[in-house]
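User: I would like to learn how to read the features of a protein model, step by step. Could you take me through one?

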Amino acid sequence: MKITDSNVIRFHLQALYGISVKNFAKKKGKLVYTGAKVFGVPLENLPRRYIPEFGLVPCFLVDGCSFLLDRVGTVGLFRKPGSLPRVKILREKLNRGDDALSTASPYDIATLVKQFCRELPEQLFPSELHAALLKAQALPDLQDKMAALQLLSCLLPARNSSCLQYLFDFLHKVSQRCSDNLMTSSNLATVFVPCLLPPPNKTEMSEERLKLRVLVLRTFIEFPHVFGAISKTVMDSMKSFMNFVHLEDVFKKRNQKMRSLKVKRCEKTRLWIQSKPKVRSAVSDPTLVCIAKGDPKLRRSVGLETFPNIQLFRTCMPNE
């Protein structure tokens with residue numbers, strides 16, 4: 001078995017916390033978008049900017065969040081909606097590649113940031129990860145809860161992870177100014193649930209399940225540094241597991257090699273037996289013919305009847 005990071009993480013989640021994670025569904029076809037369109041475009045087709053701490057992040061997200069950080073004290077940021085006519089005009093300008101952020105309203109930009117996350121063809125948190133995130137959040141022990149959420153965040157594709165890391169770090173900075181903008185980490189998590197962890201059906205829209213979704217986002221907003229990171233304890237455990245599996249593979253390969261050698265030896269023996277000439281009885285000397293027809297062809301001794309001179313030989317031997 002080939003050991004990869006995701007396999008080791010999945011093993012630890014199952015062994016330590018009883019959390020199983022489905023494999024992410026592969027894309028049936030890759031959609032290619034042209035032009036400067038921003039909304040409803042896959043992450044890999046968006047123009048991105050390299051941020052040293054986070055990696056490649058969509059340019060619109062970087063520009064929008066940077067704009068809002070300068071106005072982070074705005075009351076009800078992300079909670080109060082922007083003007084629908086203005087938001088529509090801004091979307092059209094951004095899709096054409098025009099610079100439309102400098103003179104916009106903070107509420108309009110905040111609305112566009114939420115729309116950007118919500119309208120991605122593939123969710124930033126893949127749907128296969130939702131059930132595992134909720135199960136991790138429901139763990140009774142706080143340390144286990146944090147460790148499980150950390151491991152789950154490490155299963156995300158690189159482009160999703162970079163985008164979410166940047167977003168949670170930004171929302172953490174917004175929550176730190178909650179005395180001015182009245183947007184606590186809980187308020188921000190509630191606002192972003194439809195964008196990042198939308199319930200897929202009515203069953204998942206129950207009060208208890210919605211509360212778990214809010215708490216997952218709240219955890220990442222309050223502790224953005226844990227997102228995509230693995231603690232040293234878990235890392236050491238993963239290394240031990242990888243060494244154990246490596247030894248297991250070594251012994252497995254050794255056993256396979258021994259079995260193959262045994263098969264080769266058996267094959268050589270069988271070929272040698274088949275190639276060996278058959279033993280035929282000499283009919284020229286009647287004394288060498290066995291009396292009983294049912295006797296086997298190869299015998300340890302055929303007795304005095306076959307060799308009548310043996311008695312004479314024994315009488316001629318000197319007595320000791």
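**Reading a predicted model**

Analyst: Let us begin with a loop: L182 sits in the loop between α8 (178-181) and α9. Please keep in mind that this is a predicted model.

User: What is the phi of L182?

Analyst: The general idea is that most residues other than glycine have a negative phi. L182 has a positive phi of about 65° although it is not a glycine. With a relative accessible area of 49%, L182 is partly exposed.

User: Where is F78 found, and is F78 buried or exposed?

Analyst: F78 belongs to the loop between α2 and α3. Its phi is near 75°, again a positive value in a residue other than glycine. F78 has a relative accessible area of 0% and is therefore buried, since buried means under 20%.

User: How should I read the burial of a whole helix? How many residues of helix α2 are buried?

Analyst: One counts the residues that fall under the cut-off. Helix α2 (residues 59-69) is mostly covered, with eight of its eleven residues buried. These are C59, F60, L61, V62, G64, C65, F67 and L68.

User: What covers the buried residues of α2?

Analyst: The covering elements include the strands β1 (48-51) and β2 (55-58), together with the helices α3 (84-96), α4 and α7 (158-175). A residue of α7 illustrates this part of the structure: F170 lies in that helix and is buried, with a relative accessible area of 2%. Leaving aside neighbours within four places in sequence, F170 is in contact with C65, L68, L69 and F78. The C-alpha atoms of F170 and P224 are separated by 9.0 Å, although the two residues are 54 residues apart along the chain.

User: Which residues have the most contacts inside the largest nonpolar core?

Analyst: That core has 76 residues, and those with the most contacts inside it are L13, F78, F125 and L196. Its largest share, eight residues, comes from α7. As for L196, not counting residues up to four places away in sequence, its contacts are C117, Q123, L124, F125, H130, L164, L167, F168 and L217.

User: How does one describe the packing of two helices? At what angle do the axes of helix α4 and helix α9 cross?

Analyst: One gives the approach of the axes, their angle and the residues that touch. The axes of helix α4 (residues 106-118) and helix α9 (residues 185-196) come within 8 Å and cross at roughly 35°. On the α4 side the contact is made by K114, C117 and R118, and on the α9 side by V191, F192, P194, C195 and L196. Sorted by class, this contact has six nonpolar, no polar and two charged residues.

User: Let us turn to charges. How many salt bridges does the structure hold?

Analyst: The structure holds ten salt bridges. In one of them R86 pairs with D108, the closest N and O atoms being 2.6 Å apart. This pair links distant parts of the chain, with R86 in helix α3 and D108 in helix α4, 22 residues apart. R86 is partly exposed at a relative accessible area of 44%, whereas D108 is buried at 1%.

User: Why are D169 and K173 separated by about one helical turn?

Analyst: An α-helix has 3.6 residues a turn, so residues three or four places apart point the same way. D169 and K173 are four residues apart in helix α7, and therefore about one helical turn separates them. Their side chains meet in a salt bridge (3.3 Å, N to O). K173 counts as partly exposed, at 37% relative accessibility.

User: Which residue forms a salt bridge with D180?

Analyst: The partner is R177, with the closest N and O atoms 2.8 Å apart. R177 is partly exposed, with a relative accessible area of 34%, and D180 is also partly exposed, at 34% relative accessibility. Elsewhere, salt bridges that share partners join E204, R209 and R213 into one network.

User: Finally, how many disulfides does a search of the whole structure find?

Analyst: A disulfide is a covalent bond between the sulfur atoms of two cysteines. The search of the whole structure finds zero disulfides. C163, for example, is in no disulfide, and the nearest cysteine sulfur, that of C117, is 6.0 Å away. C163 counts as buried, at 0% relative accessibility.

Key: Residues are numbered from 1 along each chain as its sequence is written. This is a predicted model: local features need pLDDT of at least 70, side-chain atom pairs count only at pLDDT 80 or more; totals for chains, interfaces and linings use all residues. Side-chain values use heavy atoms; hydrogens and water are left out. Axes are lines fitted to C-alpha atoms, for helices over the stretch in contact, and angles run from 0 to 180 degrees between N-to-C directions. Contact means heavy atoms within 4.5 Å. Ala, Val, Leu, Ile, Met, Phe, Trp, Tyr, Cys and Pro count as nonpolar, Asp, Glu, Lys and Arg as charged, and the others, Gly among them, as polar. Buried means under 20% relative accessible area, exposed over 50%, partly exposed in between (1.4 Å probe, protein chains only). A salt bridge is a side-chain nitrogen of Lys or Arg within 4 Å of a carboxyl oxygen of Asp or Glu. A nonpolar core is a set of buried Ala, Val, Leu, Ile, Met, Phe, Trp, Tyr and Cys residues joined through side-chain atoms within 4.5 Å. A disulfide is a pair of cysteine sulfur atoms within 2.5 Å.
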